[in-house]
Amino acid sequence: MATACPSASFSSARIPFSSRRSAAIYRPCPSRRRRPSLMACAADTNLAVLEAAKHAVDRYVRNGMVIGLGSGCASCLAIQYLGGRLRDGALQDIVGIPMSVSSATEAAKAGIPLELCQESLQIDFAFDDADVIEEGSLTAVIGRRKLEGGDSIIQEKSILKAAGRVAFITDEKQYGRDRDGSIPVLISPDNWMETAELIDDLFLGDAEVWRRPTSGHAGPMGGDFPLVTEDGHHILDVIFTSPIHNLVV
């Protein structure tokens, strides 16, 4: 499915992006659903995700737009498709603002002109991968995926927040109500344990708070090699022991 989502979250707080609420959801017909096929950007990519990536570009991208280019397999497919539309002349005068080194690399290969993100730059539309999208509120969770070299969560969020419209491209299984799993929280490394304890107190035993490691076994302390992001932050994974009934709260 491809979803134009008015808000996204990298924590338990809801961050509004735009007052314009709209959604375009792609659900493949069950009788036509095919087995997943091998794609260049992932070992196992569903054909429905490819169709959703195309749908997001065709529905929202227009000539002359500045586009935020997301990270992840679905965004990779959308970038490749967008580059093809530019080459065949269906779209013109598009400028891409990459959210990561990987999206910049993919866009360069696809022939999409790029600019660096600047505060004064008006971003018309942005697409990105999402780990979870809550049905109804269209609140999205990003940041569960493993960060690659050069990935900046701060840059990703700032581009999404600045965009006039946002589409999250995700598998149908990641869309619905009562989602389970973790909510990533980006924090300063200073006094991180105090922050973790405050978050833990908020949920009163309904969730565990673990600092994400770079490698090795995960655990509350993050092991011997805690992850430090490109921007110098730690990531706390708030791991819920029961389904999350409302991501907005």
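1. A residue counts as buried when its relative accessible area is under 20%, and as exposed when that value is over 50%. Keep those cut-offs in mind for E106: its relative accessibility is 15%, so E106 counts as buried. Please also remember that this is a predicted model.

2. E106 has a charged partner. Its salt bridge is with K109, and the closest N and O atoms are 3.6 Å apart. Both residues sit in helix α3 (residues 101–110), and because they are three residues apart, about one helical turn separates them. An α-helix has 3.6 residues a turn, so residues three or four places apart point the same way. Still, K109 reaches 61% relative accessibility and therefore counts as exposed, whereas E106 is buried.

3. Now for the other salt bridges; the structure holds four. R85 pairs with D58, with 3.8 Å between the closest N and O atoms. This pair links distant parts of the chain, 27 residues apart: R85 belongs to helix α2 (residues 73–87) and D58 to helix α1 (residues 47–60). R85 is partly exposed at 27% relative accessibility, and D58 is partly exposed at 38%.

4. For the overall picture, the protein chain has five helices and 15 strands. Buried residues account for 48% of its 249 residues. Of the contacts between residues at least 6 apart in sequence, 75% join residues at least 24 apart. The accessible surface comes to about 12,400 Å², and carbon and sulfur atoms contribute 51% of that.

5. Six bridges join β13 to β15 (residues 234–240), and V185 has L236 in β15 as its bridge partner.

6. Finally, which residues of helix α4 (residues 153–162) are buried? They are I153, E156, I159 and L160. Seen down the axis of α4, these buried residues fall within an arc of 135 degrees, so they line one face of the helix. They pack against β6 (66–69), β7 (95–98), β8 (125–129), β11 (165–169) and β13.

Conventions. Residues numbered from 1 in each chain as written. Predicted model: local features only at pLDDT ≥ 70, side-chain atom pairs only at ≥ 80, totals over all residues. Heavy atoms only, no water. Helix = DSSP H or I, 4+ residues; strand = E, 2+ residues; numbered from the N terminus. Buried < 20%, exposed > 50% of the residue type's maximum accessible area, 1.4 Å probe, protein only. Contact = heavy atoms within 4.5 Å. Areas by Shrake-Rupley, 256 points an atom, 1.4 Å probe, with all protein chains shown as cover. Pairing = 2+ DSSP bridges. Arc of directions from axis to C-beta. Salt bridge = Lys/Arg side-chain N within 4 Å of Asp/Glu carboxyl O.
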